[in-house]
Amino acid sequence: AVAAGRKHRYITTGVVWFLAGLFGAVTLSEFARHSYADRFTYFAHAGLGIAVAWLGHTLLGERARYAAAALGVVMAWQCWVQLSYWKDDATLFGRAVELDPKSGSAHAAAVEAYLLAGNSDKAIGAFRKAVAIAPKSAANRLQLAQALFAADKNEEALTEIDRALVDDPKMGSAQHSRGMVLRALERQEEASAAF
């Protein structure tokens, strides 16, 4: 880009736009899981679009309009595919898990979406994967336990809560969840102790 930019200024313009936009997106959007969102790069990629469009015109001349039409169809199709992932939270975070199956945070976000959608079986499956990825994460184990409890799988929930408490013995929310599960199991004395 630097070498070609001396002769073709639009390449320099497009690349500088891209880098400036990407820098802004990276520095302004570093909070929680949102920092991974591809939507923060849309503005930056407009710069690459400028460079590619003008480069196409330079290389192809009048025939560039045919290439642009074909490229426009491909880009519209890809946009439609991308928008299909934004149908609801469960679909969006399910896609995040597909793209990065080893990401515990992607699995955790998918689980939350499945729980909100009322799909406890999918939530439990995703949490089991999150726990397998990060077995020492007391938070993941507790969330798995809460999903199991919501699905009336109280014994399994209690096992996961106890494992979470091994990893983080001072986790108050785990003790509270333990009390809830024990109360559902009609083990009142143990529930009182947990509370």
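1. Is the crossing of H8 and H10 left-handed or right-handed? In this predicted model, the crossing of these two helices is left-handed. The axes of helix H8 (residues 138-150) and helix H10 (residues 172-184) come within 11 Å and cross at roughly 25°, and because angles under 35 degrees count as roughly parallel, H8 is roughly parallel to H10.

2. On the H8 side, the contact with H10 is made by Leu-142, Gln-146 and Phe-149, and these meet Ser-173, Ala-174, Ser-177, Met-180, Val-181 and Ala-184 in H10. Divided by class, the residues of this contact are 6 nonpolar and 3 polar, with no charged residues.

3. Helix H6 (residues 104-116) and helix H7 (residues 120-133) have axes that come within 8 Å and cross at roughly 165°, and since angles over 145 degrees count as roughly antiparallel, H6 is roughly antiparallel to H7. The crossing in which H6 passes H7 is left-handed.

4. From H6, the residues Gly-104, His-107, Ala-108, Val-111, Tyr-114 and Leu-115 take part in the contact with H7, where they meet Lys-122, Ala-123, Ala-126, Phe-127, Lys-129, Ala-130 and Ile-133. The contact of H6 with H7 comprises 9 nonpolar, 2 polar and 2 charged residues.

5. The axes of H3 and H4 come within 10 Å and cross at roughly 155°, which makes H3 roughly antiparallel to H4, and the crossing of H3 and H4 is right-handed. Tyr-42, Gly-56, His-57 and Leu-60 of H3 and Ala-64, Ala-67 and Gln-82 of H4 make the contact, and the residues of this contact divide into 4 nonpolar and 3 polar, with no charged residues.

6. Which residues line the second largest pocket? The lining consists of Tyr-42, His-45, Gly-49, Val-52, Ala-53, Leu-71 and Met-75, and the space in this pocket is about 220 Å³. The elements that give two or more residues to the lining are helix H3 (42-60) and helix H4 (64-84), with H3 giving the most, 5 residues.

7. By class, the lining of the second largest pocket has 5 nonpolar and 2 polar residues and no charged ones. A reader tracing H3 may note that Tyr-42 belongs to the pocket lining and that Tyr-42 also takes part in the contact of H3 with H4.

Methods
Residues are numbered from 1 along each chain as its sequence is written. This is a predicted model: local features need pLDDT of at least 70, side-chain atom pairs count only at pLDDT 80 or more; totals for chains, interfaces and linings use all residues. Side-chain values use heavy atoms; hydrogens and water are left out. On a 1 Å grid over the protein atoms alone, a cavity is a set of points where a 1.4 Å probe fits but cannot get out, and a pocket is an open set with protein on both sides within 12 Å along at least five of seven lines; lining residues have an atom within 4 Å of a point. Grid points are joined across faces, edges and corners, and a volume is the space filled by probe spheres set on the points. Helices (H or I, at least four residues) and strands (E, at least two) are DSSP runs, numbered from the N terminus. Ala, Val, Leu, Ile, Met, Phe, Trp, Tyr, Cys and Pro count as nonpolar, Asp, Glu, Lys and Arg as charged, and the others, Gly among them, as polar. Axes are lines fitted to C-alpha atoms, for helices over the stretch in contact, and angles run from 0 to 180 degrees between N-to-C directions. Angles under 35 degrees count as roughly parallel, over 145 as roughly antiparallel, 65 to 115 as roughly perpendicular and the rest as oblique. A crossing is left-handed if the near helix is turned anticlockwise from the far one by less than a right angle, and right-handed if clockwise. Contact means heavy atoms within 4.5 Å.
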